Amino acid sequence: MKTMVSGIKPTGQLHLGNYLGALKNFVTYQDDYHMIAFIANLHCITVYQDPKELQTYLKDCIALYLACGLDPDKATIFLQTDVLEHAQLGFILNCNTYLGELNRMTQYKDKVAKNEINLTGGIYTYPTLMAADILMYDADYVPVGDDQKQHVELTRDVAIRFNNRYGETFKVPEPIIPKTGARIMSLSDPSKKMSKSDESNKGCIYLLDDLKIVHKKIMSAVTDDKAQVKYDVHNQPGIANLMTIYASLTGKTMSEIEKEFEGQLYGNFKKAVSAVVCDELAMIQEKYRNIVESNIMDEVLLKGKQFASKKAQEKLDLVQKKIGIEIR
Ligand code: AMP
Ligand code: TRP
């Protein structure tokens with residue numbers, strides 16, 4: 001069975017972009033692949049997090065993994081910090097990555113371009129920790145949203161370089177980007193991606209949002225004056241984004257959606273989008289409440305940790321032998 005590895009940072013409440021770009025796909029893949037899904041809690045501190053809030057997000061993130069349908073009997077679910085080998089392999093891979101490569105990472109470059117203050121060393125070297133997360137488990141595939149593709153490509157380059165230098169050690173993984181939903185945009189500004197750090201809060205649908213609020217956010221989504229439901233990312237980005245959300249949740253194609261809403265007002269289309277989103281979130285939220293009450297999270301994480309630790313110890317041991325830093 002082929003292996004997939006992916007993670008999500010608990011930097012805030014998970015949102016519809018995380019769900020459609022990543023989590024929903026993990027759930028589909030867990031039947032046919034060994035899905036290793038972890039909570040990237042080291043990655044999240046590359047930007048300062050309030051410790052108290054982080055606790056809430058961490059617990060919600062684990063509960064949401066399960067509520068969205070990840071099954072601990074099929075998938076391996078764990079907390080990144082429960083497997084100490086990640087940080088160590090991360091450092092080793094850091095030493096096999098060039099500054100030029102890190103300088104080219106758009107996520108980092110964007111932050112520099114925006115003149116964000118207090119950028120940390122962590123945010124700069126973050127892709128090498130991500131490479132460790134992936135290469136540790138001999139992943140064949142990495143299912144992620146569009147914004148992470150470049151990091152997976154760097155992971156491939158680092159793996160190939162390491163294998164050339166020290167002999168075959170890592171499997172070279174491939175990114176898997178969903179055809180629909182890889183980049184869900186903000187509802188209030190469709191030129192920006194939907195993100196946990198949405199300042200206005202209007203553009204982002206959180207998975208735990210009250211459904212009335214979800215409806216309101218969708219009904220007030222920014223559109224255009226063209227008055228036609230047509231998939232045209234450049235001229236009608238707001239409508240294209242709503243169509244993407246609708247397509248991801250119904251499985252319909254863009255031309256089917258265009259036909260379905262031909263000659264209809266945007267208000268009708270938005271109502272239909274809101275209905276499918278609210279149905280999906282209602283299901284997730286009900287499961288979420290049951291999971292939080294049932295207290296099964298500790299058990300799930302322990303099981304995941306045991307499995308992942310064994311694999312990680314073996315891989316780190318092999319790596320350290322190859323590079324000669326262990327006394328044998
Ligand atoms: P993050 O929240 O940055 O940890 O992202 C976790 C996963 O969700 C990654 O695979 C991202 O590519 C994906 N993701 C984040 N935001 C979006 C978005 N707006 N649209 C689609 N996928 C996203
Ligand atoms: N960097 C990813 C993000 O911001 C999260 C992540 C960390 C990840 N390690 C990973 C995703 C390994 C896939 C595989 O979304």
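Into which domains is the protein divided? Keep in mind that this is a predicted model. Colour residues 3-182 together with 296-323 for domain 1, then pick another colour for 211-289, which is domain 2.

**Stop 1: between the domains**

With both colours on, look at how the two domains sit against each other. Their centres, taken over C-alpha atoms, are 30 Å apart. Domain 1 puts 11 residues into the contact, and domain 2 puts in 11 residues. Between them the domains bury about 950 Å², and 73% of that is on carbon and sulfur atoms.

**Stop 2: H2 and H12**

Next, select residues 51-67 (helix H2) and 297-323 (helix H12). How do their axes cross? They come within 11 Å of each other, at roughly 80 degrees. An angle of 65 to 115 degrees counts as roughly perpendicular, so that is the label for H2 and H12.

**Stop 3: H6 and H7**

Move on to helix H6 (residues 121-135) and helix H7 (residues 149-166). Here the axes come within 9 Å and cross at roughly 70 degrees, so H6 is roughly perpendicular to H7. Which residues of H6 and H7 meet? On the H6 side, show Tyr 126, Pro 127, Met 130, Ala 131, Ile 134 and Leu 135; on the H7 side, show His 151, Val 152, Leu 154, Thr 155 and Ala 159. The tally for this contact is nine nonpolar, two polar and no charged residues.

**Stop 4: Glu 262**

For the last stop, centre on Glu 262, in the loop that runs between helix H10 (254-260) and helix H11 (266-294). Is Glu 262 buried or exposed? Its relative accessible area is 63%, and anything over 50% counts as exposed, so Glu 262 is exposed. Glu 262 and Ala 227 are 35 residues apart in sequence, and the line between them spans 9.9 Å.

Technical notes. Residues numbered from 1 in each chain as written. Chains lettered and ligands numbered in written order. Predicted model: local features only at pLDDT ≥ 70, side-chain atom pairs only at ≥ 80, totals over all residues. Heavy atoms only, no water. Helix = DSSP H or I, 4+ residues; strand = E, 2+ residues; numbered from the N terminus. Buried < 20%, exposed > 50% of the residue type's maximum accessible area, 1.4 Å probe, protein only. Axes fitted to C-alpha atoms, helices over the stretch in contact; angles between N-to-C directions. Parallel < 35°, antiparallel > 145°, perpendicular 65-115°, else oblique. Domains from an automatic or database assignment. Contact = heavy atoms within 4.5 Å. Buried area = accessible area lost by both parts, 1.4 Å probe. Nonpolar A, V, L, I, M, F, W, Y, C, P; charged D, E, K, R; others polar.
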